[in-house]
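Colleague: I would like to learn how to read a few features from a model. Could we take them in turn, with the general idea before the case?

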Amino acid sequence: QTLKMEESNTSKLETTVLQMDDFVPTIPEEVIKHYLAKTGFVCSDPRVLRLVALAAQKFVADVANDAMHSASARQGGSKGKREKKITLTMDDLSSSLKEYGVNVRKPNYFADRTTAGGGRV
C-alpha cells in the first residue's frame, strides 16, 4: 500500500510540473531567479522556477489573508450592510507572519538633522 501511495504522489507531482508549462506566475520569473541565485540554487528548467513562484505566491496570499482577518477582527468586523474599509497595519502583518515562523522587527530609526541650506549640522 505504501508503494501505491508513493506512485500516486509521484504521478501527481509529474502532472503538476507538466502543468507549469502554461502557468504564468504573478511574481516575475526574473525575481524568482534572482532570489534563488542568492541562495545558491541554480536551475535551468522554467517549470521548476514557476513551481517555486507558485509556492511563493501562495505564501504571500496566505499571509495577506491572515493579516486581513486579523485587521478585521481588530476593527470589530463589518457591522451593518455597508462594509467599512479595513486598515491593514504592520502589526497585523507581523502577527500573521509570526504564525508562519517569520519574525519582523522594526528597524532602529536614525535621522540626520539638516540645516535650511541642505547641509548637515
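Colleague: In which helix do K58 and D62 lie, and how many residues apart are they?

Modeller: Keep in mind that this is a predicted model. K58 and D62 are both part of helix α3, with a spacing of four residues, or about one turn of the helix. Their side chains form a salt bridge, 2.7 Å from N to O.

Colleague: How many salt bridges does the structure hold?

Modeller: The criterion is a side-chain nitrogen of Lys or Arg within 4 Å of a carboxyl oxygen of Asp or Glu. By that criterion there are four salt bridges in the structure. One of them joins R50 and E29, whose closest N and O atoms are 2.9 Å apart.

Colleague: Are R50 and E29 buried or exposed?

Modeller: Buried means under 20% relative accessible area. Both R50 and E29 are buried. For another salt bridge, take D45 and R47, whose side chains meet at 3.2 Å, N to O. D45 has a relative accessible area of 23%, so D45 is partly exposed. R47 is partly exposed too, with a relative accessible area of 23%.

Colleague: What about D92: buried or exposed?

Modeller: D92, in helix α4, is buried because its relative accessible area is 3%. To read its surroundings, look at polar contacts and then at contacts in general. The D92 side chain makes a polar contact with the side chain of T89, at 3.0 Å. Setting aside neighbours within four places in sequence, D92 is in contact with A67, S70, A71, R74 and T87.

Colleague: Which residues form the nonpolar patch on the surface?

Modeller: A patch takes residues with over 30% relative accessible area and no salt bridge, and nonpolar side chains are joined within 5 Å. Here the nonpolar surface patch is formed by F59, V60, M90, Y100, V102 and V104, and together these have about 470 Å² of accessible area.

Colleague: Where is V102 found, and how is its accessibility classed?

Modeller: V102 is in the segment that comes after α4 (90-99). Its relative accessibility is 32%, so V102 counts as partly exposed.

Notes
Residues are numbered from 1 along each chain as its sequence is written. This is a predicted model: local features need pLDDT of at least 70, side-chain atom pairs count only at pLDDT 80 or more; totals for chains, interfaces and linings use all residues. Side-chain values use heavy atoms; hydrogens and water are left out. Patches are made of residues with over 30% relative accessible area and no salt bridge: like charges are joined within 9 Å, nonpolar side chains (Val, Leu, Ile, Met, Phe, Trp, Tyr) within 5 Å. Accessible areas come from the Shrake-Rupley method with a 1.4 Å probe; for residues, only the protein chains shown count as cover. Helices (H or I, at least four residues) and strands (E, at least two) are DSSP runs, numbered from the N terminus. Buried means under 20% relative accessible area, exposed over 50%, partly exposed in between (1.4 Å probe, protein chains only). A polar contact is a pair of N or O atoms within 3.5 Å; within protein, one must be able to donate a hydrogen and the other to accept it, and residues adjacent in sequence count only if both atoms are side-chain atoms. Contact means heavy atoms within 4.5 Å.
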